[in-house]
Structures are given as C-alpha cells and as structure tokens.
Amino acid sequence: MELDVQQMLFEFLGGLGIFLYGIKFMGDGLQKSAGDKLRDILDRFTTNPLMGVLAGIVVTVLLQTSSGTTVITVGLVSAGFMTLRQAIGVIMGANIGTTVTAFIIGIDIGEYALPIIAAGSILLFFFKNKKIHNFGQIVFGFGALFYGLELMSGGMKPLRSLEAFHDLTVSMSSNPVLGVIIGTVFTVIVQSSSATIGILQGLYAEELVNLNAALPILFGDNIGTTITAVLAAIGASVAARRAAATHVLFNLIGTTVFLLLLKPFTLLIESLAVNLNLNHEMTIAFAHGIFNTTNTLIQLPFIGILALVVTKLIPGEDSVVEYKTKHLDPVFIEQSPSIALGQSKEEVLRMGQFAVRGLEETNWFLKNKQQKHSETAYQLEDAINNLDRKITDYLVKLSTSSLSVHESEEHTVLMDTVRDIERIGDHFENIIELAEYQQANKVKVTENAMDDLDVMFNLTISTVKEALQALDHNDKEIARQVVEKEEEIDKMERKLRKQHILRLNEGVCSGQAGIVYVDIVSNLERIGDHAVNIAEAVLGEE
C-alpha cells in the first residue's frame with residue numbers, strides 16, 4: 001500500500017509539473033508568435049470596457065494564463081497606461097480567455113500526447129527558422145499539457161478505493177461551500193486555475209467526483225486564481241491594488257450568484273452534456289465557459305459601481321506616473337504647426353520634470369535603500385523612454401510642415417533636448433543599479449563619501465532644474481548660471497576622485513566600494529553635461 005501511495009503521489013505531482021510547464025511553454029510560444037505585442041494590445045484596445053473585455057480575451061488566449069494578463073494589467077494601471085475602469089474590462093475578458101485551456105483539454109487526445117511532444121521536439125531542434133521554432137514550442141507545450149494530464153489521471157485513479165476521499169466527495173455534493181473552499185485553496189497553492197480545472201476534469205472523467213461536487217470546486221478555482229494578482233499588487237500603487245481587488249470582488253460576486261443558482265445551473269450543464277453528447281472533460285469546459293461568460297455579461301454594465309466600491313475599499317490618492325503624452329495632438333501639425341511646436345515644448349518640459357523626479361527618487365534610494373524609491377525611479381525612467389519615442393515621432397512629423405526660421409531653430413532645440421533628457425534618465429537608472437549592487441553585495445561606502453555624494457547629487461538636481469527653467473522661459477541669464485554650475489560639478493567630480501584615491505591608500509575604503517563610488521560620481525558628472533547642453537541650446541550662438 002505504501003508503494004501505491006508513493007506511485008500515486010509521484011505520478012500526480014510529476015504530471016502536474018509537466019502540465020504547468022506545458023501551459024507555460026505553449027504560452028511563451030504563442031506570445032513570441034504574436035510578436036510580443038501584448039502590452040500594446042492592452043494599451044491600444046481598451047478605449048471602453050467592451051473593448052477591454054475583448055483585449056483581455058485575446059491576450060489571455062495568447063498567454064494561456066488569466067493570472068499573467070491580470071498581472072500585466074495591474075502593471076499598466078500602476079504605470080498610468082490604463083484607468084481602473086479599463087482594467088476591470090480586461091480582467092473580465094481574462095476570465096473568459098482562460099476557459100480556452102479547458103476546452104483544449106476537453107478534446108480528448110491524451111493518447112497522442114507523446115507523438116505531439118516528439119513533433120514539437122523535431123521542430124525545436126532540427127530547424128533554425130525562428131517562426132518554425134516558435135511553432136515547435138507551441139506544439140511541444142500542447143503535447144506536454146496532455147501528457148501531464150494523462151499522468152495526473154493515472155495518479156488519481158487509486159483514489160476511488162479510498163473511503164476518506166469518497167466521504168469528502170459526498171460532503172462536497174451536499175455542502176457546495178466546502179467545494180468552493182477546496183477549489184480556492186488548491187488554486188492558491190498551485191497558482192494556476194488552468195491546472196486545477198484540468199485536475200477537476202480528470203477527477204470528473206474518472207468519476208471520482210460527481211457534477212454536484214465538481215461545479216462548486218470550479219467556482220472556487222476562479223476565486224483562487226486571483227491570488228497571483230493580489231501578490232503582484234502588494235507594495236504597488238493604490239491604482240494597482242484597486243485593480244487586484246476588482247479581480248477578487250468580480251469572482252466573489254460571480255461565485256455567490258452561481259451558488260444561489262446552483263440547481264438550475266447543474267440541470268443546464270447536465271442537459272448540454274446529454275444533448276451535445278459531451279465527454280466528461282468537455283462538460284466541465286462548458287460549465288467553466290458558461291460560468292465566466294455569464295458572470296462577465298452580468299457584471300459588465302456595473303463596471304462604474306465596481307470601480308466605485310474598490311475606490312471606497314482602498315482609499316488614498318494615487319501617485320501614478322502617467323506614461324501617455326498629454327499635449328501632442330496630431331491635428332495641430334496640419335492646422336497650425338506653431339501651436340504644435342508649443343505643445344511639443346510643453347511635453348518636453350513634462351518629460352524634464354520626470355527626469356528631475358527620477359533624480360530625486362534615486363538620491364533617496366541611495367541614502368535609505370528603500371525599494372519604493374527605486375521602483376518609482378525605474379517607472380519614471382520607463383515613462384521618459386516612452387515620451388522620448390512619442391515626442392520624437394511627433395517632432396519628425398512636424399518637420400515636414402512649413403516652419404519659419406525661428407521655429408526651425410526651436411524645433412532643433414527640442415529634438416536635442418529630448419535626447420539629453422532621455423540620457424539623464426539612463427544615467428539615474430545606472431546609479432540605481434549601482435546602489436542595488438552595493439546593497440546586494442554589502443559594499444560599505446564611508447559616511448564622508450556618502451555625504452559628498454549627497455552634496456554633488458543636490459547640485460546636479462538643481463542644475464537640471466535650472467536648465468529646464470531656462471528652456472521654459474528662454475532665459476539666457478539662468479542658462480549662464482547652469483553653465484557655471486556645471487563647471488562646479490566638473491570640479492567636484494575631480495575633487496571626489498582624488499579624495500577616493502586617498503581613502504583607498506589609507507585602507508579606509510575597499511576597491512569594490514571605490515568602483516561603485518567613482519561610477520556614481522561619473523554618472524552625475526554626465527548628467528551635468530546633458531543639463532549644460534540644454535542651457536547652451538537656449539544661449540544659441542552666444
């Protein structure tokens with residue numbers, strides 16, 4: 001008996017591992033075949049809740065995980081790419097998209113799993129073409145998914161002889177809430193609703209559970225899958241936490257509604273199984289699909305109320321970094337190039353403010369090593385890169401319009417400034433990475449050295465601020481001050497390098513600490529160079 005239990009566990013856990021790997025591998029292949037445009041799909045096609053639902057379905061089918069879609073959505077909300085209302089639509093769509101896996105499992109081709117894996121392996125290892133390679137990944141993942149299911153089913157067969165398991169299924173049939181709890185807990189452990197639905201399909205196919213017990217477990221699986229989004233939102237922005245809370249609330253409401261309608265829903269599924277001659281796996285797939293689709297249709301008109309409820313549940317002002325441009329209207333390029341130029345300048349200045357904020361957050365991270373500062377700085381750097389692309393594209397289109405000599409000069413200044421601000425973002429990102437390296441490797445920088453860095457950092461930040469001020473008001477006097485300050489930064493860099501060499505000679509500072517310190521100083525000096533570039537553009541030929 002001991003050996004049987006061991007074999008049962010090995011087959012079940014091994015099968016679960018292969019199944020999860022198959023889904024992941026297949027999802028990666030689909031994602032690569034789609035050109036990795038998932039973030040763009042979510043960003044572009046979520047103009048209204050209905051489009052959000054469709055985008056959620058498409059991305060989840062490509063990712064093969066609703067959790068993955070929800071995590072991306074939480075990230076996009078946190079980054080300001082998407083509003084909470086748009087995110088709710090995507091989350092609803094993700095719940096529908098995830099049912100596709102159950103329908104794939106419902107196609108009973110488990111006995112062909114190994115030849116499918118073999119075909120996928122041939123495509124992966126004997127072809128160099130990237131498209132064929134990606135297709136091979138999809139095929140291999142598809143086969144692994146079914147092979148994992150076959151192993152799990154084989155592992156679960158001996159359960160029918162266990163009296164305790166038989167008693168548990170009877171309890172679940174008479175007490176649906178117990179089934180919901182079991183489904184929730186198991187999905188929280190596995191962190192994949194596709195896996196737990198697959199296991200449920202196997203249990204139902206082996207007649208280890210009846211439909212009355214299976215449906216509440218299915219509802220619980222949908223609640224359990226929200227754990228991934230909840231974990232992704234821990235420590236994230238208020239907007240991200242609200243998006244994760246919506247996912248939980250959406251599935252809790254759906255489960256409550258369907259528990260109240262459990263008897264008619266069970267009769268409907270039984271009727272479909274008989275009339276459509278469905279196998280056991282496909283019966284569960286239909287139940288899963290109908291549950292999630294109906295849940296979405298019921299709650300879609302109440303997106304505004306859902307958003308209001310989670311806003312009340314999770315109060316607070318959100319400091320979202322808005323990635324999207326605010327001032328670049330393409331209409332102005334055709335109608336009034338001079339207004340378009342003014343709008344471009346506003347967006348460049350906004351990009352500059354992101355750079356200033358990024359520098360401030362980087363300085364805080366350097367001083368207190370709190371992760372919230374590094375995360376915000378990385379987010380700001382990401383926003384700067386996005387604005388760099390959008391503003392440059394806008395200015396390139398604007399260059400084809402008829403601009404006066406003065407406007408052409410201003411256009412050139414803005415093109416150069418965008419590049420300088422983008423480089424400032426790269427440099428503060430370098431500093432964060434150096435600070436993270438210092439923290440991870442327990443590199444000790446002396447207190448005096450840190451105080452000197454703080455002085456240089458504040459000088460650099462004020463120089464960048466004044467450069468942007470000079471650009472904003474076309475103020476040559478402030479621009480001259482920037483040039484003078486940059487000379488101070490250069491002098492300070494030389495001074496700090498000399499002091500560092502002295503500390504090294506005295507043995508106060510380690511070589512590793514010296515590398516980190518000198519690189520941070522060097523990055524600050526380069527930020528000063530980019531600030532002076534902006535100031536010199538304002539000074540012109542002077």
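**Reading a predicted helical model**

Mentor: N210 caps the N-terminal end of α12, with one of its side-chain oxygens 3.3 Å from the backbone nitrogen of N212. This is a predicted model, in which local features need pLDDT of at least 70 and side-chain atom pairs count only at pLDDT 80 or more, while totals for chains, interfaces and linings use all residues. Residues are numbered from 1 along each chain as its sequence is written, and side-chain values use heavy atoms, with hydrogens and water left out.

Trainee: How far apart are the end C-alpha atoms of helix α12?

Mentor: Helices (H or I, at least four residues) and strands (E, at least two) are DSSP runs, numbered from the N terminus, and α12 covers residues 211-224. The expected span of a helix is 1.5 Å times one less than its number of residues, so the 14 residues of α12 should span 20 Å. That agrees with the separation of its end C-alpha atoms, which is 20 Å.

Trainee: How many of the residues of α12 are buried?

Mentor: Buried means under 20% relative accessible area, exposed over 50%, and partly exposed in between (1.4 Å probe, protein chains only). By that rule α12 is mostly covered, and the count of its buried residues is 13 of 14.

Trainee: Is F25 buried or exposed?

Mentor: F25 lies in helix α1, which covers residues 2-33. Because its relative accessibility is 16%, and buried means under 20%, F25 counts as buried.

Trainee: Which residues is F25 in contact with, leaving aside its neighbours within four places in sequence?

Mentor: Contact means heavy atoms within 4.5 Å. With the neighbours within four places left aside, the contacts of F25 are L124, Q137, F140 and G141.

Trainee: What is the phi of N277, and where does this residue lie?

Mentor: Most residues other than glycine have a negative phi. N277 is in the loop between α15 (262-275) and α16 (280-299), and N277 is exposed, with a relative accessible area of 69%. Although N277 is not a glycine, its phi is positive, at about 50°.

Trainee: Where is K369 found?

Mentor: K369 is a residue other than glycine with a positive phi, near 55°. Its place is in the loop between α19 (337-368) and α20 (371-398).

Trainee: How many helices and strands does the protein have?

Mentor: Buried residues make up 52% of the 542 residues in the protein. Its secondary structure comes to 24 helices and zero strands.

Technical notes
A polar contact is a pair of N or O atoms within 3.5 Å; within protein, one must be able to donate a hydrogen and the other to accept it, and residues adjacent in sequence count only if both atoms are side-chain atoms.
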